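Here is a quick tour for anyone opening this structure for the first time. Have the picture at hand while you read.

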Amino acid sequence: MAMITKENLPQAVERALAAAPVTDLHTHIFAEGFGDLLLWGVDELVTYHYLIAENFRYTGMPYERYFALSKKEQAEMIWRNLFSENSPVSEGQRGVLTVLAKLGLDVGSRNLASFREFCASFTPGQFIDKVFAISGVKAVVMTNDPFNAKERAVWLGGGYDDPRFLAALRIDPLLNGYDQSHLLLREWGYDADKRLDRKSVEEVKRFLRDWIKRMKAMYMAVSLPPSFMVPEDSLRSRLVEECVIPVSQELDVPFAMMIGVNKLVNHKLGDAGDSVGKSSVRPVEYLCEKYPDNKFLVTMLARENQHELAVTARKFRNLLVFGCWWFLNNPSLIEEITRMRMELLGLSFVPQHSDARILDQLIYKWDHSRKIIGKVMVDKYGDLLATGWKLDEAELKRDAEGLMGGNFWRFLGKTPL
Ligand code: HDL
Ligand code: ZN
């Protein structure tokens, strides 16, 4: 195996990252078996909610009027505003072009109709194969919500069978809206009352067990507001400690907390209407310290929380920090955060997840992130070599595979797919 030198380091890092199979541990994409829950193709790509938000910065059109347009008309409006009449320099705008270019299309043509025609020539299954091949992604973890009627029907109807798509049990309605969601639990045969008495705690645990087993869930996940706190005098705090934590340990299924979302600050924007707030790492410290046999995956949304989250991971080996989430998934912030994490945590973290909502996005989100993670690695391994440390290609391959997914599988105590 070749020794790494200052001279061959950049190419060796690029090769190692390109070859490392990616496990994308948090996405919103779906296997073909979920029908039209799987979003793909250029019109979905251009009307991604990130671009909807950016579109409204260039138009006074009433929100309702935009959302009443057809998907095609929405895409044409966004294409005009964000691509034709203003250069597409934002990360989300550039991402569309990276996808089209990697699909082999002539981005310079700016011909949306021709891009549409290309996508229409594929079946969903063919497009899934193509996107996985181009992006280098080997497996994705979906976001699976049993409170979503459409998705629930797929699971109760027998689910899906594509091993590239793994499941995660998403429990936002349970934890953030128990006053309403407990009524659905009752409808589904779980005797959960609004006060969450002893019997209800056991019934919520049974609900969690049933869905973890039905989905073969890799972890349980929830997105949480900046005000999230445990312990506190709230149903959410009790649900976390009395229901989620025990089942998480019992089934050895990590609990993923995604902290810092201010939901619907502009409710007229729908999915594009959420924003960010600085949170506290205290609940993360409390849970990791009190439950050392539980495993916690955590990502936080505010840039200001990244340093304290990385320091918290130094204190607790049962905490795995992951991704540059949502408003952090931009080159300048991915670079800053990945540098900070590598300097504080070495290789014991997961630098990125895509959060892809449209299948095609796997292509750009991983292409862009590989380049930035690679840039940081060249610097850090360059510093390493400067001490006289000797490094061979096998070790660089090992490290890259860990960052691109192996660390996640090791944390789960499972062998990668
Ligand atoms: O809660 C989440 O999982 C977030 O990722 C939201 O889905 C958000 O709308 C998003 O797609 N961010 O990238
Ligand atoms: Zn997400």
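## The five-stranded sheet

Five strands make up an open sheet, lined up in the order β4-β5-β6-β9-β10 with parallel pairing. At its edges sit β4 and β10 (319-321), each of which pairs on one side only. Keep in mind as you look around that this is a predicted model.

Strand β4 (residues 169-170) is joined to β5 by two bridges, and the two run parallel. Here Arg170 has Ala221 in β5 as its bridge partner. On the next step, β5 and strand β6 (residues 255-259) pair in the parallel sense, this time over five bridges. Leu224 finds its bridge partner in β6, namely Ile259.

Helix α14 (residues 282-290) packs on it and touches β6, β9 and β10, with a direction about 170° from that of β9. Helix α15 (residues 306-315) packs on the sheet too, touching β9 and β10, and its direction makes about 145° with that of β10.

How many residues of strand β5 (residues 220-224) are buried? Five of its five residues are, so to speak, under cover. Met220, Val222 and Leu224 point one way from β5, while Ala221 and Ser223 point the other way, and all are buried.

## The three-stranded sheet

There is also an open sheet of three strands, in the order β1-β2-β3, and its pairing is parallel. The edge strands, which pair on one side only, are β1 (22-24) and β3 (165-166). Strand β2 (residues 137-141) is linked to β3 by two bridges, and they run parallel. Val141 stands opposite Leu166 in β3.

Helices pack here as well. Helix α18 (residues 393-412) packs on the sheet and touches β1, β2 and β3, its direction making about 65° with that of β1. Helix α8 (residues 124-135) lies across β2 and β3 and runs at about 115° to β2.

## The zinc site

Which residues coordinate the zinc ion (ligand 2)? The zinc ion is held by His26 (NE2), His28 (NE2) and Asp355 (OD), at 2.0 to 2.2 Å. Along the chain, these donors follow the spacing H-x1-H-x326-D. His28 lies in the loop between β1 and α2 (42-46), and Asp355 in the loop between α16 (331-345) and α17 (361-386), so this pair ties together parts that are 327 residues apart in sequence. Both His28 and Asp355 are buried.

| Helix pair | Angle | Axis distance |
|---|---|---|
| α1 (residues 9-19) and α18 | roughly 45° | within 8 Å |
| α12 (residues 198-215) and α13 | about 40° | 10 Å |

At that angle, α1 and α18 are oblique to each other, and their crossing is right-handed. On the α1 side the contact involves Ala12, Val13, Arg15, Ala16 and Leu17, and on the α18 side Glu393, Leu396, Lys397, Ala400 and Met404.

Helices α12 and α13 are oblique to each other too, and their crossing is right-handed. Among the residues making the contact are Val201, Val204 and Leu208 of α12 and Leu239, Cys243 and Val247 of α13.

## Two buried residues

Why does Leu239 count as buried? Its relative accessibility is 0%, and buried means under 20%, so Leu239 qualifies. Leaving aside residues up to four places away in sequence, Leu239 touches Leu174, Leu175, Tyr178, Leu196, Val204 and Val244. Leu239 and Leu196 are 43 residues apart along the chain, and their C-alpha atoms are separated by 8.3 Å.

The other residue is Ser369, which has its place in helix α17. Ser369 also counts as buried, at 0% relative accessibility. Not counting residues up to four places away in sequence, Ser369 touches Asn329, Ile334 and Gln352.

How values were computed: Residues numbered from 1 in each chain as written. Chains lettered and ligands numbered in written order. Predicted model: local features only at pLDDT ≥ 70, side-chain atom pairs only at ≥ 80, totals over all residues. Heavy atoms only, no water. Pairing = 2+ DSSP bridges. Helix = DSSP H or I, 4+ residues; strand = E, 2+ residues; numbered from the N terminus. Contact = heavy atoms within 4.5 Å. Axes fitted to C-alpha atoms, helices over the stretch in contact; angles between N-to-C directions. Donors = N, O, S within 2.8 Å, 3.2 Å for Na, K, Ca; no water. Buried < 20%, exposed > 50% of the residue type's maximum accessible area, 1.4 Å probe, protein only. Parallel < 35°, antiparallel > 145°, perpendicular 65-115°, else oblique. Left-handed = near helix turned anticlockwise from the far one by under 90°.
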